[in-house]
Amino acid sequence: GCIGVIENLFSTPRLTLMCGDGVNDSPALAAADVGVAMGAGAALAMETADVTLLDSHLTKLVYSIKMGRRVIKKIRQNVIFSLVVKF
């Protein structure tokens with residue numbers, strides 16, 4: 001099942017993200033580097049996941065990842081700018 005796929009992905013040096021909404025997804029959500037519970041799924045999945053999206057649309061997950069990357073980029077720019085101005 002899902003947990004086997006996640007364990008196989010751990011053999012490669014990559015970040016793994018598991019997205020699910022049911023009780024049967026909970027072990028894979030816990031095993032992944034980042035677990036995302038979707039929508040009005042099972043409470044166990046939401047408790048196990050690192051992130052819970054209130055919507056069941058995958059476009060929201062893609063948007064969240066892109067937004068996170070932009071935020072990290074802006075933080076790095078601000079730190080570099082602060083260091084340049086300070087010295």
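Start by selecting Leu15, Thr16, Leu17, Val34, Val36, Val51, Leu53, Leu61, Ser64, Ile65 and Arg69, which line the largest pocket; a pocket is, on a 1 Å grid over the protein atoms alone, an open set of points where a 1.4 Å probe fits, with protein on both sides within 12 Å along at least five of seven lines, and lining residues have an atom within 4 Å of a point. The model on screen is predicted, so local features need pLDDT of at least 70 and side-chain atom pairs count only at pLDDT 80 or more, while totals for chains, interfaces and linings use all residues. Residues are numbered from 1 along each chain as its sequence is written, and side-chain values use heavy atoms, with hydrogens and water left out.

Keep that selection and colour it by element: β2 (34-38), β3 (51-53) and α4 (58-86) each give two or more residues to the lining, and the largest share, 4 residues, comes from α4. Helices (H or I, at least four residues) and strands (E, at least two) are DSSP runs, numbered from the N terminus. By class, the lining has 8 nonpolar, 2 polar and 1 charged residues, where Ala, Val, Leu, Ile, Met, Phe, Trp, Tyr, Cys and Pro count as nonpolar, Asp, Glu, Lys and Arg as charged, and the others, Gly among them, as polar. The space in this largest pocket is about 190 Å³, a volume being the space filled by probe spheres set on grid points that are joined across faces, edges and corners.

Next, select His57, in the loop between β3 and α4. His57 counts as partly exposed because its relative accessibility is 48%, between the limits for buried (under 20% relative accessible area) and exposed (over 50%), with a 1.4 Å probe and protein chains only. A C-alpha distance drawn from His57 to Gly39, 18 residues apart along the chain, reads 8.0 Å.

Then move to Pro13, in the loop between α1 (2-9) and β1 (17-20), which counts as exposed because its relative accessibility is 85%.

Now select the largest nonpolar core, whose 7 residues are Met18, Ala28, Leu29, Ala32, Ala37, Ala45 and Ala49; such a core is a set of buried Ala, Val, Leu, Ile, Met, Phe, Trp, Tyr and Cys residues joined through side-chain atoms within 4.5 Å. Centre on Leu29, which, not counting residues up to four places away in sequence, touches Met18, Cys19, Gly20, Gly35, Val36, Ala45, Thr48 and Ala49, contact meaning heavy atoms within 4.5 Å.

Finally, zoom out to the whole chain, where 4 helices and 3 strands run α-β-α-β-α-β-α from the N terminus on. Along its principal axes, the C-alpha trace spans about 55 × 30 × 20 Å.
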